[in-house]
Amino acid sequence: MAHRFITQAVVVGARVFGRAFAEAYRQASASSKYSRAAMDSGGSSSSHSNNLVSSGLTLDEACQILNVRSPQGGKADMEEVMERFKRLYDVNDPTKGGSFYLQSKILRARERIELEAKQTQETLDRKAEIEQGWNPKMYKDQ
């Protein structure tokens with residue numbers, strides 16, 4: 001009689017686990033398709049700038065976490081960002097009773113703002129090079 005209950009418990013557990021695994025796979029697949037479609041339809045770097053990146057933060061969220069203004073025209077005050085980052089990162093140090101989760105969010109927010117500034121600077125450099133024409137840097141031996 002006991003073997004019957006054990007067999008039923010194993011079978012029911014396997015079915016529940018199988019259904020949960022299948023549902024998780026479906027959700028992951030749908031999420032992957034959605035993010036791929038969003039990246040493909042984006043096109044320009046300005047539309048990519050507000051999309052989620054690998055850190056999972058938008059630029060607005062990153063600015064709210066560090067309590068800085070959004071970059072105006074692609075220019076961010078990196079000194080202010082670094083000052084706020086250092087202060088908040090130190091305050092949330094787990095050895096001093098802070099939160100590792102908050103510390104990692106602060107780090108991701110700084111990385112997101114730096115990524116935005118870098119992308120904007122590259123775009124501006126490309127535009128300036130197009131306007132000036134291609135001028136290779138030649139170094140002559142002296």
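For the helix pairs below I take axes as lines fitted to C-alpha atoms, for helices over the stretch in contact, with angles running from 0 to 180 degrees between N-to-C directions. Helices (H or I, at least four residues) and strands (E, at least two) are DSSP runs, numbered from the N terminus.

**Entry 1. Basis.** I note that this is a predicted model, in which local features need pLDDT of at least 70, side-chain atom pairs count only at pLDDT 80 or more, and totals for chains, interfaces and linings use all residues. Residues are numbered from 1 along each chain as its sequence is written, and side-chain values use heavy atoms, with hydrogens and water left out.

**Entry 2. Confidence.** I looked up pLDDT, the predictor's confidence in each residue, from 0 to 100. The chain has a mean pLDDT of 83, and 87% of its residues reach 70 or more. Confidence is lowest in helix 2 (residues 45–49), where the mean is 44, and highest in helix 4, where it is 92. Over residues 43–51 the pLDDT stays under 50, and the model has 18 contacts beyond four places in sequence for this stretch. I count a contact when heavy atoms lie within 4.5 Å. Where pLDDT is low, the predicted coordinates should not be read in detail.

**Entry 3. Overall composition.** I find five helices and zero strands in the chain; from the N terminus on, the elements run α-α-α-α-α. Of the 142 residues in the chain, 16% are buried. Buried means under 20% relative accessible area, exposed over 50%, and partly exposed in between (1.4 Å probe, protein chains only). Among contacts in the chain with a separation of 6 or more, residues 24 or more positions apart account for 52%.

**Entry 4. Helix 3 with helix 5.** I looked up the axes of helix 3 (residues 59–66) and helix 5 (residues 100–132), which come within 9 Å and cross at roughly 125°. The two helices are therefore oblique to each other. For reference, angles under 35 degrees count as roughly parallel, over 145 as roughly antiparallel, 65 to 115 as roughly perpendicular and the rest as oblique. The crossing of helix 3 and helix 5 is left-handed, a term used if the near helix is turned anticlockwise from the far one by less than a right angle, with right-handed used if clockwise. Helix 3 contributes Leu59, Ala62, Cys63, Ile65 and Leu66 to the contact, and helix 5 contributes Lys105, Ile106, Ala109, Arg110, Arg112, Ile113 and Glu116. By class, I record eight nonpolar, no polar and four charged residues in the contact of helix 3 with helix 5. In this scheme Ala, Val, Leu, Ile, Met, Phe, Trp, Tyr, Cys and Pro count as nonpolar, Asp, Glu, Lys and Arg as charged, and the others, Gly among them, as polar.

**Entry 5. Helix 4 with helix 5.** The axes of helix 4 and helix 5 come within 9 Å and cross at roughly 170°. That makes helix 4 roughly antiparallel to helix 5. On the helix 4 side I find Met78, Val81, Met82, Phe85, Leu88 and Tyr89, which meet Gln103, Ile106, Leu107, Arg110, Ile113, Glu114 and Ala117 in helix 5. The contact of helix 4 with helix 5 has ten nonpolar, one polar and two charged residues.

**Entry 6. The loop between helix 4 and helix 5.** Asn92 is found in the loop between helix 4 (78–91) and helix 5, and counts as buried at 13% relative accessibility. Neighbours within four places in sequence aside, Asn92 is in contact with Gly98, Ser99, Leu102, Gln103 and Ile106. Gly98 lies in the loop between helix 4 and helix 5 and is partly exposed, with a relative accessible area of 25%. With neighbours within four places again left aside, Gly98 is in contact with Val91, Asn92 and Asp93. I then looked up Gln103, found in helix 5 and buried, with a relative accessible area of 6%. Beyond four places in sequence, Gln103 is in contact with Tyr89, Asn92, Asp93 and Pro94.

**Entry 7. Asn67.** Most residues other than glycine have a negative phi. Asn67 has a phi near 60°, a positive value in a residue other than glycine. I place Asn67 in the loop between helix 3 and helix 4, and at 58% relative accessibility Asn67 counts as exposed.

**Entry 8. Two C-alpha distances.** Glu80 is in helix 4 and counts as partly exposed at 25% relative accessibility. Gln121 lies in helix 5 and counts as partly exposed at 36% relative accessibility. I find Gln121 and Lys75 to be 46 residues apart in sequence and 8.4 Å apart in space, C-alpha to C-alpha.
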